[in-house]
Amino acid sequence: MSDHIIKLTAAETAAKIASGELTAVEVTEAHLARIEAVDEKVHAFLHVDREGALAQARAVDAKRERGEKLGPLAGVPLALKDIFTTEGIPTTVGSKILEGWIPPYDATLTKRLKDADVVILGKTNMDEFAMGSSTENSAYGPTGNPWDLTRIPGGSGGGSSAALAAHMAPLAIGTDTGGSIRQPAAVTGTVGVKPTYGAVSRYGMVAFSSSLDQGGPCARTVLDAALLHEVIAGHDPMDSTSIDEPVPPVVEAARNGSVAGMRVGVVKQFRGEGYQAGVVQRFDESVQMLKELGAEIVELDCPSFDLALSAYYLIAPSECSSNLARFDGLRYGARVGDDGTHSAEEVTSLTREAGFGDEVKRRIMLGTYALSSGYYDAYYGSAQKVRTLIKQDFDKAFEQVDVIVSPTTPTTAFPIGERADDPMAMYLADLCTIPTNLAGNAAMSLPCGLAPEDNLPVGLQIIAPVMKDDRLYKVGAAVEAAFVEKWGHPLLEEAPSL
């Protein structure tokens with residue numbers, strides 16, 4: 001029975017709980033048992049809140065027994081990226097500097113999940129402070145990709161995507177600064193959405209790069225992602241960057257997938273050197289499928305996109321060097337060298353030396369240099385000008401098309417350790433995803449098949465204009481339905497059993 005439960009979609013699970021066919025406790029116990037059975041191999045979770053999850057599930061069952069109306073995701077289990085604060089449960093951001101820190105409050109996103117009666121199973125592994133594309137930069141060890149445990153599950157939110165692909169949870173939350181929701185989704189054969197910047201509150205989300213960071217939904221189907229999107233999105237007065245507009249009708253769009261009559265853009269900069277042949281093949285097949293479904297394909301030229309990677313790796317580290325200054329060993333988190341023989345400055349230095357990993361130190365140094373006197377205009381200032389050009393290229397593109405499509409990542413999942421000593425090779429994993437973060441648009445990744453050369457998942461990226469997130473779901477649902485019909489089953493059914 002539990003095998004059947006863990007294979008259900010979130011929408012199916014919620015319907016069975018609402019009808020009384022399943023209890024929320026049964027569903028939660030099935031997923032906790034799955035975590036116990038396979039997470040030793042996968043390492044998707046940093047903390048499993050067994051008692052808290054079961055208490056939430058019991059509360060949902062009690063509501064149903066009292067005849068109260070349940071929300072669309074009531075009782076559905078979720079894996080939460082360990083970057084959102086959770087009152088009474090550790091939040092480490094994958095770093096030793098916050099090891100054992102128990103937040104005194106919930107992030108707005110965490111609170112909205114609880115208010116919707118979503119059952120939080122625990123906190124998932126991630127690259128330290130969300131800095132990375134492989135989840136190898138976690139201070140607590142890497143996560144394996146359920147398709148091949150020797151390969152990466154993407155990053156920085158590889159724990160969340162791996163939990164979905166391994167059927168440890170039907171829903172998950174990620175964050176996307178340069179592709180950290182979409183890239184893990186692509187390499188694990190799952191669905192990940194980066195909402196419009198400001199659509200989901202960042203209050204209580206540990207900051208990496210404040211003008212880029214965005215929380216979003218991760219799931220195994222487009223509809224499940226839409227249902228979760230609707231729960232977590234919406235204006236929040238606690239976040240000064242939160243958009244005060246109604247949430248786009250994402251669930252309605254996901255239930256009515258269609259591309260008939262839509263103009264779909266293909267950007268010439270999103271292919272070429274560095275792209276795996278099998279990824280390009282599956283992308284070209286997806287474009288052909290869109291055409292067959294009634295879309296008009298439009299070729300686009302966005303020259304500034306070639307500069308996106310360089311601009312991002314100046315803007316993000318600059319903001320990170322400012323944001324991470326708060327981790328000084330004096331206020332909260334780890335403290336090293338406080339034995340009465342060291343000054344406050346020495347304690348701060350020793351704490352950061354022990355608490356931050358190599359990639360975090362690399363980005364802090366890069367960002368501090370880019371912001372330093374005499375270099376600010378040459379580096380950070382120039383990167384912000386490029387960012388404006390990228391936004392202008394998107395604006396021009398969206399005058400001609402309704403959505404843009406591209407491969408989500410240039411390659412499939414690479415072996416753990418393969419790029420560990422080559423930061424540039426690692427950074428190239430975000431080639432297709434970064435322009436969207438710099439412009440603040442909405443984007444989705446969903447599975448479009450397996451690459452012929454390695455039999456690993458390939459992701460199709462759909463990009464929509466600001467606050468037109470519903471277009472992602474309308475197109476995504478149509479593509480998903482066409483692929484499932486073509487394959488005869490969802491792609492994840494082809495994943496090797498753990």
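Colleague: What does buried mean, in terms of relative accessible area?

Modeller: A residue is buried if its relative accessible area is under 20%. Keep in mind that this is a predicted model.

Colleague: What about the phi of Val93?

Modeller: Its phi is positive, about 55°, although Val93 is not a glycine. Most residues other than glycine have a negative phi. His167 is another case, with a positive phi of about 60° and again not a glycine.

Colleague: Where is His167, and is it buried or exposed?

Modeller: His167 is placed in the loop between helix 6 and strand 4 (171–175). With a relative accessible area of 10%, His167 is buried.

Colleague: How does the lining of the largest cavity split by class?

Modeller: There are six nonpolar and seven polar residues, and no charged ones.

Colleague: New topic. Which residues does UniProt list for "active site"?

Modeller: The UniProt entry, which is unreviewed, lists Lys81, Ser156 and Ser180. They span 100 residues in sequence, but no two of their C-alpha atoms are more than 11.0 Å apart, so they gather at one spot. One of this set, Ser180, is in the lining of the largest cavity.

Colleague: Where does Ser156 lie, and is it buried or exposed?

Modeller: Ser156 is in the loop between strand 3 and helix 6. Its relative accessible area is 0%, so Ser156 is buried.

Colleague: What kind of peptide bond joins Gly155 and Ser156?

Modeller: A cis bond, with omega about 10°. Most peptide bonds are trans.

Colleague: Which residues does the UniProt domain annotation cover?

Modeller: The unreviewed entry gives "domain: Amidase" for residues 26–472. That span is 38% helix and 14% strand, and its end C-alpha atoms are 33 Å apart.

Colleague: Now the rings. How many aromatic pairs does a search of the whole structure find?

Modeller: It finds 15. In one of them, the rings of Phe129 and Phe327 have centres 5.0 Å apart and planes at 65°, so that pair is edge-to-face. The cut-off for edge-to-face is over 60 degrees.

Colleague: Where in the chain are Phe129 and Phe327?

Modeller: Phe129 is in the loop between strand 3 (119–124) and helix 6 (158–165), while Phe327 is in the loop between helix 11 (308–323) and helix 12 (344–355). The pair links parts of the chain that are 198 residues apart. Both residues are buried.

Colleague: Which cluster do ring pairs link them into?

Modeller: A cluster of Trp101, Phe129, Phe327, Tyr332 and Phe356.

Colleague: What about the rings of Phe305 and Phe394?

Modeller: Their centres are 4.7 Å apart and their planes are at 45°, so this pair is tilted. Phe305 lies in the loop between strand 8 (296–300) and helix 11, and Phe394 in helix 14 (residues 377–400), so the pair ties together parts 89 residues apart in sequence. Phe305 is buried at 6% relative accessible area, and Phe394 is buried at 1%.

Colleague: Last one. Which ring does the charged end of Arg419 sit over?

Modeller: The ring of Phe414, at 3.9 Å from its centre.

How values were computed. Residues numbered from 1 in each chain as written. Predicted model: local features only at pLDDT ≥ 70, side-chain atom pairs only at ≥ 80, totals over all residues. Heavy atoms only, no water. Phe/Tyr/Trp six-rings, centres within 6.5 Å; stacked < 30°, edge-to-face > 60°. Helix = DSSP H or I, 4+ residues; strand = E, 2+ residues; numbered from the N terminus. Buried < 20%, exposed > 50% of the residue type's maximum accessible area, 1.4 Å probe, protein only. Lys NZ or Arg CZ within 6 Å of the ring centre and 35° of its normal. Nonpolar A, V, L, I, M, F, W, Y, C, P; charged D, E, K, R; others polar. UniProt positions renumbered as here; feature names shortened; annotations may be inferred. 1 Å grid on protein atoms, 1.4 Å probe; cavity = no way out; pocket = protein on both sides within 12 Å on 5 of 7 lines; lining within 4 Å.
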